[in-house]
Amino acid sequence: MTKILHLSDLHFGKHFLPVVGEAVLAQAESLSPDIIVISGDFTHRAKPKEFEAAQKFLQRLPPTPHVFVPGNHDVPLYRFWERLLNPHMLYQNYIADSLDSTLSIDNGIIVGLDSTAPYSAIKNGRLSRRQLQFCKQAFTGAPAGLFKVVVMHHHLVPAPTFERTRPMPQAKRALEAFTRMRVDVVLAGHLHRAYVGHSLDVYAGENRDHGIIIVQCGTTTSCRGRGLEREKNSFNLVTLTATDIQVEHYHYSEHNAAFGPVSQHVFRRQSGKNLTA
Ligand SMILES: [Fe+2]
């Protein structure tokens, strides 16, 4: 069994909520995850001070293996020359050397992909063919039954309300590629609201015997929650076992000064395939 703590959209800067951040650190200890995933937007305006604060926060998380990917807010929006010449310099100095990365664990492989594409997208992101190839190579030769997880910032399926939540451009191409790779789960953020989607609900695709569970996280530590998570904070606990994929959404409660589970989604896994339970 593998427990993944999935945080997202920390937004260090003027929208960061320090009290909520402390609760995350306490629960990152008490939940004892095997892996910590953060799906982008560590900062709000990609400023050195914001990255410095984010780095200090990360240093206080339990020393478990982790997968971090940048979000569009981790790239300078207004500092034109920096965006043009070295858009990820501060992210790589403070958060993670690699923009695309692979983590192998006992029962699976987790691939982190940088979906920010600062030269072709301001906000809504892209995944290149080269990145899809990187992902394919990471999964090549994986024994049957191993979990395949992708982490990225931008969302591949719209939120349930479909309001102002158009998926990443070329999401269909990415989902078709991930389906061919038999990816089990995609962990993402960006919309500042948590939900669980399924690839077969959005794109029928060429191969309907395999669906991908898309797990979205809200903003874990900022005041910029959207939709039903307006002014709310969330994270996910994703548990992978030989038979099931379990996703639990946690919301922060001011009253308890802690996050607590608010919903649970269980998907039965059958001989390498995911079927909605
Ligand atoms: Fe964000």
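The expected span of a helix is taken as 1.5 Å times one less than its number of residues, and helices (H or I, at least four residues) and strands (E, at least two) are DSSP runs numbered from the N terminus. The structure is a predicted model, in which local features need pLDDT of at least 70 and side-chain atom pairs count only at pLDDT 80 or more, while totals for chains, interfaces and linings use all residues. Residues are numbered from 1 along each chain as its sequence is written.

The chain contains 7 helices and 13 strands. Its C-alpha trace spans about 45 × 45 × 35 Å along the principal axes. The radius of gyration, taken over C-alpha atoms, is compared with a globule rule of 2.2 Å times the number of residues to the power 0.38. For 277 residues a compact globule would have a value near 19 Å, and the 17 Å of the chain agrees with this. Of the 277 residues, 45% are buried, that is, have 20 or more other C-beta atoms within 10 Å of their own C-beta, placed from the backbone; exposed residues have 12 or fewer, and those in between are partly exposed.

Helix 1 covers residues 18-30, and its 13 residues reach 19 Å from first C-alpha to last, close to the expected 18 Å. V20, A23 and V24 of helix 1 are buried. These residues lie on the same side of helix 1 because they cover an arc of only 105° around the axis, the arc being that of the directions from the helix axis to the C-beta atoms. The face turned away from the buried side of helix 1 carries the exposed residues P18, V19 and E29. S32, which follows helix 1, has a positive phi, near 35°.
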